[in-house]
Amino acid sequence: MSNFNPNPVDPDPNRVRTSRDVALDNQLIREQNIEMKEQNRAIRENDSAATGLMLGILLFGLAALGFGAYFMTQRPTATPTRTIIQRERTTVTPAQPSPAKPPDVNITVPNPAPPNVNIAVPERAAPAAPAPAAPAPAPAAPAPAAPAPVAPEASTPPTTEAPSDTAPQPSPANP
């Protein structure tokens, strides 16, 4: 950096200066002024950034000290107290609602007469069989059995025929 002198001393005072010399001197002076302004601006920017940072740290520290002092002074004092815990062994049962009267439900079911179930078995005529060569013992005739009651189906109506007195005859085997 050169030393800035707004009033330079001319080494030769008798010399006549031309307009070109004056213009070059003026341009040099302008350039030096611009350079000085930029240096001052850079110094101001650095100073203001550092100042802002320091100011922020200072304010934060003061706020932290203030909050710390507030919480330290507002803290309740610890007084020793003796706590007695008493336990009771009673249980509380919730109130039971009064028993509700059951509804009066009377259902009458008619007792129907049992259905008349008589099953008639038709008699079959026995075909004439050839006489055996040797007399074979005759099979004993089974006793007439009463027909077993059968539950009627919903789709068939019961019959009202009287049972026959003869027992069903076995059908002969076909040769």
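Student: Before we look at residues, what do buried, exposed and partly exposed mean here?
Tutor: Buried means under 20% relative accessible area, exposed means over 50%, and partly exposed lies in between. The model is a predicted one.

Student: Where does Tyr 70 fall, then?
Tutor: Tyr 70 counts as partly exposed, because its relative accessibility is 47%.

Student: And Phe 71?
Tutor: Phe 71 has 55% relative accessibility, so this residue counts as exposed.

Student: How many aromatic pairs does the structure hold?
Tutor: There is 1 aromatic pair in the structure. Its members are Tyr 70 and Phe 71, with ring centres 5.4 Å apart.

Student: Is that pair stacked, tilted or edge-to-face, and why?
Tutor: The pair is edge-to-face, because the ring planes of Tyr 70 and Phe 71 stand at 70° and an angle over 60 degrees is placed in that class.

Student: Changing topic, what is the secondary structure content?
Tutor: The protein has 1 helix and 0 strands. The helix, α1, covers residues 19-73.

Student: How many salt bridges does a search of the whole structure find?
Tutor: The search finds 1 salt bridge. Arg 41 forms it with Glu 45, and the closest N and O atoms are 2.8 Å apart.

Student: How are those two residues placed along the helix?
Tutor: Arg 41 and Glu 45 are 4 residues apart in helix α1, so about one helical turn separates them.

Student: What about nonpolar surface: which residues make the patch?
Tutor: Leu 55, Leu 58, Leu 59, Leu 62 and Leu 65 make a nonpolar surface patch of about 530 Å².

Student: Finally, what do the totals say about the protein as a whole?
Tutor: The protein has 175 residues, of which 1% count as buried. It exposes about 17,600 Å², and carbon and sulfur atoms supply 61% of that area.

Technical notes:
Residues numbered from 1 in each chain as written. Predicted model: local features only at pLDDT ≥ 70, side-chain atom pairs only at ≥ 80, totals over all residues. Heavy atoms only, no water. Patch = residues over 30% accessible without salt bridge, like charges linked within 9 Å, V, L, I, M, F, W, Y side chains within 5 Å. Areas by Shrake-Rupley, 256 points an atom, 1.4 Å probe, with all protein chains shown as cover. Salt bridge = Lys/Arg side-chain N within 4 Å of Asp/Glu carboxyl O. Phe/Tyr/Trp six-rings, centres within 6.5 Å; stacked < 30°, edge-to-face > 60°. Buried < 20%, exposed > 50% of the residue type's maximum accessible area, 1.4 Å probe, protein only.
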